[in-house]
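User: I would like to learn how to read packed helices and a sheet. Please take me through them.

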Amino acid sequence: MLDRAHNAVISMDERGLVTYWNPSAEGMFGIESERAAGRPVAELIIPERFRAAHVAGLERFLADGTGPLLGRRVEMAALRCDGSEFPVEMTISAIRDGPGWTFTTFVQDISARRAAERERERLVEELQQALTGSERRFEAIVGRLSDPVTIRDRSDRITYANRAALVHLGFATTEELRRTPPAEIMRDYIVSREDGGAVAMDAIPSVRLLRGEAPEPLLIRTVHRRSGQERWNLLKASPLLDEAGQVESTIMVIEDVTEQKRAERRSEFLAEASRALASSLDYQRTLQTVAELAVPHIADWCAVDLVDRDGDRVSVSVAHVDPDKLRLADELRAYEPARPDPAQGLGLVLRTGEALLYPEITEQMISGAAVDGRHLELLRAVGFRSAAVVPITLGERVLGAMTLVSAESGRTLDRSDLELAEQVGARAAVAIENARIYSERSQIAHTLQQSLLPEELPDVPGYELASAYIPAFEYTEVGGDFYDVWQARGQWMLAVGDVTGKGVEAATLTSLVRHTLRATSDFLSSPAELLAQLDATLKRQRRRSVCTAICARVEPDGVTLAVGGHPLPLRVHPSGAEQAGEFGPLLGAFDEVDWQDRHVELPPGDTLVFFTDGVTDALRDDGERYGLERLRGALARCGEDTAAQVVATVTAAVEAFQAGEHADDTAVLALHRRPDHEHGDGAADEI
Amino acid sequence: MVRPTRFEITQKVSRSTVTLSLLGELDMSTVPQLSDRVRHQLRDGANELTLDLRELAFMDSSGLRLLIELFDDSRRDGWTLRLIAPRHEAATLVLRATGADVALPFQTPPTS
């Protein structure tokens, strides 16, 4: 779809290597797509003296996300394959693509525009000199100018118009033009400023010159009422002084900047729409943003419809600058069937996946589409002039369509509008698909994660247990943190650990670790020996499999535990919080290592808090880590709080510190020894 | 979005001996950078690799995991890995907590 763009479109990956190179790029740079693919963009199109800056800019973006060139139109020099340089205008956008970034650049060759600017400046200069010379020489020069030129006297009456001006304004002779009042000439056009506002007579450069001001060129947009053709003109006026130095006449040059202006608006819209689509996984909201970006610069109306699982049309967004008109759209929508007519318009696009352009919407087409009188009234109220419907497709699948309608602006839509809409449609498809994949993966990850954690914590006599598991922000993969509490040989055992890694691999390994500890505990009761067995099991795995874990056996007066490369638990007591136990080696990692059992006494009311490094490694905006000391500080204030209160304190403190999403998963397990008076009946017998 | 951490690698190559000096934080967001750089050097024919961790301000379990994998690779593929111990507490913590301080090929063991 991108292949039909007039602009060269080039995409590169994070390493700066070409991943997409459209046919226009082949023509512009003289390099075929197959030869460009996989090569560094810097070597292909960037003049040598700018390459270092390009590489540095890319690295900086990847390091800290700043990209001063992104989303803006930038003029610079580009390199052809023969080594020659030429001026270009480009817009670069960055899109998150799976795990990495893709950078897409729209490049427009502006050599012709630059050459025309130089030529025009030279001719106007010659013209001003010639006006002091003979009439014939004057006509010879002005006649050569391809831009319309008019000369007006002190009362702003046209005294001269060159050939181009006559064609531009639609007159055969200067005489005819002279006889026509200015208001009548303008009647055929809708004239507005760039921001859509009306053009005041006293803002016209020639009028300002006559008032003695030094006017800036004025940019105006004209739409011919009959043909719907839109043009952008830059009005420039220069004075012609009499001998006394007074303004005698004004020369006005009307420069046609339509192509430039439209290319500019298109690349701005594309860049902004791409940015909006890449910014969030909430595609319904981003599609609304895209529709809003399209009005009024690209069209007067923009609507996006998607097809749901049953093949029914779901209207996602409609945008118009005027809220009254949006109410009209709501009423019109009631007339639209869920399955639009597959033989025409939206229905046809959804069925075939081919874009449709209706340059001219006739009264006949409108009355043919109306189902009743009220419908016809509404359709007429919209004032349809022209429409384009483009598919949003992913491979062969049509996900929906985007409709652009031109109405009150009076302008007709053309092929270039259609191509622009197709490019936005292609990006929208990727955004929708990414969002769908993300939500599916996130759902699967959630289900799998649940299966790796105990459904609920058991009642351990004399103790209270509480836990929290906070998944990482990018919650599309199973994390590696786990905890478990189980009974073996009449004793309660617990484990907390972290199998560094993510996804299926982490899930498999977590499952292996839990089952190994549970199965081995039927024969062994020493936590240190359990870790040694686990270490041996991990070393038998084909792939290097390492994990950290604490294994503990719950006893009436505390726990006996062994630590395998895991952060030590903190014992919370009325006067503070201290590390308990002793570090031992990481599991599955090193040769000739062993583990030690340590007894940790828990007086009534004390709590032993196990946690994973997601707690202490939590990162704040300024780069500061939460760290052990902050955790100790937070826990020191817990006194004789219950396990649930202690866990809530830890998660609240970490969340407040991070002031954002968790980068890593985080698990907390608290074992609180009930104060003596809370002891349940017969609890001691069970332990 | 998770904020990218500050991390820099400076590189010194003399024949087939490569020294990579790490500055900043080695965590799950910067591990891929180091991993890519090391594998690139190995592809280019390096057979002695020194990782200078002296200026490393922080290392997490994913950083440690990478060091373990590199040590595995070096023994399997027959190249030499040398490690220069970090000086900063937040970088040595994970090494001491896991026994990596004695098990990995540090020229002088990390101290607290």
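**Reading the helix pair**

Analyst: In this predicted model, α1(B) passes α2(B) in a right-handed crossing. A crossing is right-handed if the near helix is turned clockwise from the far one by less than a right angle, and left-handed if anticlockwise. Helices (H or I, at least four residues) and strands (E, at least two) are DSSP runs, numbered from the N terminus. Residues are numbered from 1 along each chain as its sequence is written, while chains are lettered from A and ligands numbered from 1 in the order in which they are written. Local features need pLDDT of at least 70, side-chain atom pairs count only at pLDDT 80 or more, and totals for chains, interfaces and linings use all residues; pLDDT is the predictor's confidence in each residue, from 0 to 100.

User: At what angle do α1(B) and α2(B) pack, and how far apart are their axes?

Analyst: Two packed helices are described by the angle between their axes and the distance between the axes. Here α1 (residues 31-43) and α2 (residues 61-77) of chain B pack at about 20°, with axes 10 Å apart. Axes are lines fitted to C-alpha atoms, for helices over the stretch in contact, and angles run from 0 to 180 degrees between N-to-C directions. The pair α1(B) and α2(B) is therefore roughly parallel (angles under 35 degrees).

User: How do the strands of the open sheet in chain A pair?

Analyst: Strands of a sheet pair through backbone hydrogen bonds, either parallel or antiparallel. The 5 strands, in the order β13-β12-β16-β15-β14 (chain A), pair antiparallel; pairing needs at least two DSSP bridges between two strands. β13 (313-319) and β14 (356-358) of chain A each have a single partner strand, so one side of each lacks a neighbour in the sheet. β14(A) pairs with β15(A) over 3 bridges.

Note on methods:
Angles under 35 degrees count as roughly parallel, over 145 as roughly antiparallel, 65 to 115 as roughly perpendicular and the rest as oblique.
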